Amino acid sequence: MNDFYTYAYLREDRTPYYIGKGTGKRIYSTVKRVNLPKDKSRIIYLKQNLTEEEAFKHEIYMIAVFGRKDLETGILHNKTNGGEGSSGRSNESLKKQSESMRKAHANMTPGQLSESMRKAHARKTPEQRSELIKKMLASMTPEQRSEAARKRRASMTPEQRSEMARKQSEAARKRQASRTPEQRSESIRKGHASRTPKQRSE
């Protein structure tokens, strides 16, 4: 049945803050994590007369295009990458999207990939950048973190390295100042545990 559609809720500047997929009166449903626009002209259909499969795919595509605020990849308030619902395809849809992005990145030159990441990074607030870095580091092994840091330093100018060291020192000082003695001790223990045997001996 081709009675599915994708839709968007727009801000006053006409940029989307939520992308959805539905059928019937789903577009006007208030049972969501986001509020409907008060101005009904900011509730729009993106594509209509779709099968559920087509609606899932278009929802995933549009969310990937505009990105999610909670993941610091864009401007949408969506809390998932789309593709979930009565068909139970959330995991499959996420895997497909992840694979698609992986292939797109694989076709880029190192320079193109770096520029793409730089532009995405520039659109984020300092707080969003900090949180994204935390999430990335949390998903890495100690060896991967060390290698990523090495590559990042190697790509910087001496001035950039100096500025990064200054910011890191200032951030560390603030963190330490806000911690209790017990928290400081635990932080040192975790930092030591995350280092490789070679790093500990140096």
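Is Ile63 buried or exposed, and what is its relative accessible area? Ile63 is buried, because its relative accessible area is 2%, and buried here means under 20% relative accessible area, whereas exposed means over 50% and partly exposed lies in between (1.4 Å probe, protein chains only).

Before going further, keep in mind that this is a predicted model, in which local features need pLDDT of at least 70 and side-chain atom pairs count only at pLDDT 80 or more, while totals for chains, interfaces and linings use all residues. Residues are numbered from 1 along each chain as its sequence is written, and side-chain values use heavy atoms, with hydrogens and water left out.

Ile63 lies in helix α1, which covers residues 52-66; helices (H or I, at least four residues) and strands (E, at least two) are DSSP runs, numbered from the N terminus. If residues up to four places away in sequence are not counted, Ile63 touches Ile19, Arg68, Leu76, Asn78, Thr80, Asn81 and Gly82, where a contact means heavy atoms within 4.5 Å. Between Ile63 and Gly74, which are 11 residues apart along the chain, the C-alpha atoms are separated by 8.9 Å.

From here we can turn to charged side chains. Side chains of opposite charge can pair when their charged atoms come close. The structure holds six salt bridges, a salt bridge being a side-chain nitrogen of Lys or Arg within 4 Å of a carboxyl oxygen of Asp or Glu. One of them joins the side chains of Lys21 and Glu52, with 3.1 Å from N to O. Lys21 lies in strand β2 (residues 16-23) and Glu52 in helix α1, so this pair ties together parts that are 31 residues apart in sequence. Both Lys21 and Glu52 are buried.

Helix α1 also contains Glu53 and Lys57, which are four residues apart and therefore separated by about one helical turn. These two form a salt bridge whose closest N and O atoms are 3.8 Å apart. Glu53 counts as partly exposed because its relative accessibility is 32%, while Lys57, with a relative accessible area of 52%, is exposed.

Finally, Glu163, Arg166 and Lys167 are linked in a network of salt bridges.
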